[in-house]
Amino acid sequence: MSKTRKVLALALALVMSCTMAACGGDSEMTDGGSTSTSADGTYKIGMIYPMSGGNALFGNAMVSATEIAVDMINEAGGVNGTQIQLVVGDGATSSEASTEATRMIDSEGVNVIIGSMSSGNANAIRSVTERSNVILWETSAVADNVLDGNSGLTFRICDQGSYRGYNAVKFLCEELADDLGKEPSELKIAVINEDSSYGESIAEGAVEAAEEFGVTVAYNEAYDAASTDVSSTVMGIQSAGVDALVAASYINDALLFYDTLTQYDAWPDVLLGCGSGWNDPTIRDTIGADGVEGIFCVDMPSNIELSMLNEENAALLGQFRETYTAETGSEAPLTACVAFMGAYVFLKDILPTAASFSTEDIAAAIQAADIEQTTMIWSLQFDESGQNTGAQSVLMQWQGGELKTVWPAAYANGTYANVPLNK
C-alpha cells in the first residue's frame, strides 16, 4: 500500500469508527430478513458488469473501480467492523447477466447487486432481483424504463436517458442558436439512436425538448448498433439539411458514423453526441485529436477538477485516480469514476447507517440518504421511483484532444468554441 493510501485508510478508519459508535457498534448490525453474511463474518455483495463481449472495455474499468472502492473500505476497517466480499459476475449479454444474478442470489446468498453498465443488463438483472427480494444498486444504466414499476428495491444513482436528450436540445437552443444566427424555431435537427432502450430514451428526450422549444425534427431514425453500413442514415441526415445532429451511440457505431459523415461530406454545424461512444477516449485515440475537435458530448461529468469538490471528496477522487492508474496503467475513464463513486458511497455513507444487513433495512437506509456532494459532484437523494434526483448530465466538448465541460455553469471548466463545426 502506498503512503498516501495508508493515510487515507487511517482517516477512513477514524470516520468509520465514529459512524459505528453513532450506530451503536457491531451489535446493531445484526442479521434480519434476507442477508448475505458469510460464515467467516464477511458480508457478500454481488457485482455484475460486462467483462467480455462488446462492452468489455467499459465493464472491466467498472470492475476495477469497484474493487478499489471495496479495498479502501476494507482497509479502513470494513462496514462497522465487517469486511466486504465482492462476488463478481460477467454480464457480457443480458442473458448472462440474468444467469449471474440468479447464481449470486441462489448460491452465494447476496441481497445487494451492483451493476450494470448497460440498460439491457440492468433490466435483465432487475427481473431477477425484484422477485428475489434483492436490491439492485444501479450505477450507470440510463434507460428510463430501468425504474418502471419499481417495487422499491432498485436504485439508480446516475441520470436518466431522456434527460440527456432533453439537455442536448436545450443547450442547442439556449446557448448555440445565436452562434448559428438562428432562433430556436428556425432550427432543424436530426435525431438518431441505436435501437435499445438506452438509445430510445435519449431520442425521446430530444424530441420532447424539440417540441417544447419549437425546433423542427427533420430526420429521426433508430438503427442497430451492430450495423456495418449506415450510409442510408447519413444520406437521410444530409437530405434533411439539418443544423444539428443528436446521436445516441456506443463506441463502434459512433466511429462508423464519423467515417460515413466524413465520406459523404454530410457534417452538420453541430454534433451533439449522447452517451459513451462520443466521449470515450477511444474515439479520440482512433480518429485523432483534430478529428474530434468541436464535437459536443452529453453524459455524466467525466473530467472533474478537484477544485470543484470539497476537501474530503477532492482527496478521495485524487486517490482513486492515482490508484486506478497504478493498477491498470491507464487513466480512469468516466465509467470507472461513476462505478467507484457508486460503490464507495454505498459502503461508506449508506450501509453503515442500516439497522442490519437485511434487504429491508438497507433499502430504508438508501431511501433516507441525503448526501450533499459525491466525487461525481452531484448530490444523492432518491425519489419514490428510485431515481437519484441529484444526478446531473453535462455538456462537454472536445478541445485540443481533451474534454472540457461547458454547461451547466456549476460544472463547467471551459467555454465552448468551434460553432459552427469546422469539418
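In which sense, right-handed or left-handed, does α12 pass α13? The legends below take up this crossing and several other close-up views. This is a predicted model, in which local features need pLDDT of at least 70 and side-chain atom pairs count only at pLDDT 80 or more, while totals for chains, interfaces and linings use all residues. Residues are numbered from 1 along each chain as its sequence is written, and side-chain values use heavy atoms, with hydrogens and water left out.

**View 1. The crossing of helices α12 and α13.** Helices (H or I, at least four residues) and strands (E, at least two) are DSSP runs, numbered from the N terminus. α12 passes α13 in a right-handed crossing, where right-handed means that the near helix is turned clockwise from the far one by less than a right angle, and left-handed that it is turned anticlockwise. The axes of α12 and helix α13 (residues 334-350) come within 11 Å and cross at roughly 125°, which makes α12 oblique to α13. Axes here are lines fitted to C-alpha atoms, for helices over the stretch in contact, and angles run from 0 to 180 degrees between N-to-C directions; those under 35 degrees count as roughly parallel, over 145 as roughly antiparallel, 65 to 115 as roughly perpendicular and the rest as oblique. On the α12 side E312, L316, F320 and Y324 meet A336, C337, F340, Y344 and K348 of α13, a contact being heavy atoms within 4.5 Å. By class this contact has seven nonpolar, no polar and two charged residues, where Ala, Val, Leu, Ile, Met, Phe, Trp, Tyr, Cys and Pro count as nonpolar, Asp, Glu, Lys and Arg as charged, and the others, Gly among them, as polar.

**View 2. Helix α2 against helix α12.** Helix α2 (residues 56-75) and helix α12 (residues 311-328) pack at an angle of about 120°, with their axes 10 Å apart. The two helices are therefore oblique to each other, and α2 passes α12 in a right-handed crossing. From α2 the contact draws on A61, S64, A65, I68 and M72, and from α12 on L316, Q319, F320, T323, Y324, E327 and T328. These residues divide into seven nonpolar, four polar and one charged.

View 3. The strands follow the order β2-β1-β3-β4-β5, with parallel pairing. Because β2 (84-90) and β5 (154-156) stand at the edges, each with a single partner strand, one side of each is left without a neighbour in the sheet. Neighbouring strands of this sheet are turned by 20° against each other on average, direction ignored. Strand β1 (residues 43-49) pairs with β2 in the parallel sense over seven bridges, and two strands are said to pair if DSSP finds at least two bridges between them. In β2, I84 is the bridge partner of Y43. Helix α4 (residues 119-131) packs on the sheet and touches β1, β3 (112-115), β4 (135-138) and β5, its direction making about 155° with that of β4. Helix α14 (residues 359-367) also packs on the sheet, touching β1, β3, β4 and β5, and its direction makes about 35° with that of β4.

**View 4. Helix α3, its neighbour α4 and the residue E108.** The axes of α3 and α4 come within 8 Å and cross at roughly 35°, in a right-handed crossing. Here S94, A97, S98, A101, T102 and I105 in α3 meet G120, N121, A124, I125, V128 and T129 in α4, and the residues of this contact divide into six nonpolar, six polar and no charged. E108 also lies in helix α3 (residues 94-108). At 26% relative accessibility, E108 counts as partly exposed, a class that lies between buried, under 20% relative accessible area, and exposed, over 50% (1.4 Å probe, protein chains only). Not counting residues up to four places away in sequence, E108 touches K44, V87 and R103.

View 5. Strand β9 (residues 270-274) pairs with β10 in the parallel sense over three bridges, whereas β10 and strand β11 (residues 394-399) pair in the antiparallel sense over four bridges. V298 of β10 is the bridge partner of C274, and L395 of β11 is the bridge partner of V298. A247 has its place in strand β8 (residues 244-248) and is buried, with a relative accessible area of 0%. Leaving aside neighbours within four places in sequence, A247 is in contact with I192, L272, G273, C274 and W278.
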